[in-house]
Amino acid sequence: MRTIFLADAHLHHPDDANYRLLLRFIQSLQGTADTLCILGDLFDFRVGLPALAFDEQEPLLEVLEQLHAAGTRLIWLEGNHDFQLGADLAARLGAEIHPGPVLLELQGKQVFLCHGDLINKADWRYRLLYRTLRSRVTLQIGRMLPAKAVQGLRSRLQRSSKGRYSGNRKRWDYSSMIRSYAASIRTEGADALVLGHFHQPFIDQQQDFTLVSLGDWISHYSYAELLDGSFRLLTYPA
């Protein structure tokens, strides 16, 4: 049994190097992976609003469709760049889409999956933005806006996110924060924590608990594999 975990590709355009490489990687999973878990920010921006078109994302969605058709289970956790993905996308891909963290049994292990954007309780600005963007009122307004206005909001959010992340890396020790969060998850009975968001690839393995921080598919091209009950952090191509 082989389960694959990846996060934070932040895909823009099919001509980009990381987009092309991820297409190749997902195609290689056909017949070799039982489950693919995407832990958020697969795309640099995707929100389920009718005024938005995402034609540039079609090549990746098509290979995910093919992967599921070949028998691979798809699990997709929403991130801070891709959320409100909707029932239509879930039905198209045959995917299990989760708006937040989830505890799943995978290969006999209780594995806690999350994107990771909410573990920093001190970042109140982001937590307020998170609630605002996902509120019923905001989504209702977004559905009424013309495409041009929504695209303008999209651009502002992308610029704001990049600037905020750079500043926050200097302000907070993310590695310590991740490990502290992992300790809390461990006390709740999980066998493993797998998360993204922080773009820091590392794995901590203890006798009865594994922490996997996935890194990204931008500069690290890192992903995790759970094979017959054992975790490994890998890069593509090897």
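The secondary structure of the protein chain comprises seven helices and 13 strands. The model is a predicted one. Of the 238 residues in the protein chain, 50% count as buried. The accessible surface amounts to about 11,300 Å², and carbon and sulfur atoms account for 52% of that surface. Among contacts in the protein chain between residues at least 6 apart in sequence, 66% join residues at least 24 apart.

In soluble globular proteins, nonpolar side chains tend to be buried together. In this model the largest nonpolar core has 32 residues, and those with the most contacts inside it are Leu22, Leu42, Leu60 and Leu64. Two or more residues of this core are given by each of β1 (2–6), α1, β2 (35–38), α2 (58–69), β4 (73–77) and α3 (86–93). Helix α1 supplies the largest share of the core, six residues. Apart from this core lies another, of 18 residues, including Leu39, Ala192, Val194 and Leu226.

Residues up to four places away in sequence not being counted, Leu42 touches Leu6, Ala9, His10, Leu11, Leu22, Leu60, Leu64, Trp76 and Asp82.

Asn18 is found in helix α1, which spans residues 17–28. Phe198 is found in the loop between β9 (192–195) and β10 (201–205). The table gives the relative accessible area of each.

| Residue | State | Relative accessible area |
|---|---|---|
| Asn18 | buried | 11% |
| Phe198 | buried | 2% |

The side chain of Asn18 reaches the backbone oxygen of Trp217 at 3.2 Å. Leaving aside neighbours within four places in sequence, Asn18 is in contact with Ala9, His10, Leu11, Trp217, Ile218 and Tyr221. Phe198 and Ala7 lie 191 residues apart in sequence, and their C-alpha atoms are 9.7 Å apart in space.

**The two sides of helix α4**

Helix α4 covers residues 124–133, and its buried residues are Tyr126, Tyr130 and Leu133. Viewed down the axis of α4, these buried residues fall within an arc of 80 degrees, and therefore they line one face of the helix. An α-helix has 3.6 residues a turn, so residues three or four places apart point the same way. Which exposed residues does the face of α4 turned away from its buried side carry? That face carries Arg125 and Arg131.

Notes
Residues numbered from 1 in each chain as written. Predicted model: local features only at pLDDT ≥ 70, side-chain atom pairs only at ≥ 80, totals over all residues. Heavy atoms only, no water. Helix = DSSP H or I, 4+ residues; strand = E, 2+ residues; numbered from the N terminus. Buried < 20%, exposed > 50% of the residue type's maximum accessible area, 1.4 Å probe, protein only. Polar contact = N/O pair within 3.5 Å; in protein donor to acceptor, adjacent residues only side chain to side chain. Contact = heavy atoms within 4.5 Å. Arc of directions from axis to C-beta. Areas by Shrake-Rupley, 256 points an atom, 1.4 Å probe, with all protein chains shown as cover. Core = buried A, V, L, I, M, F, W, Y, C linked by side-chain atoms within 4.5 Å.
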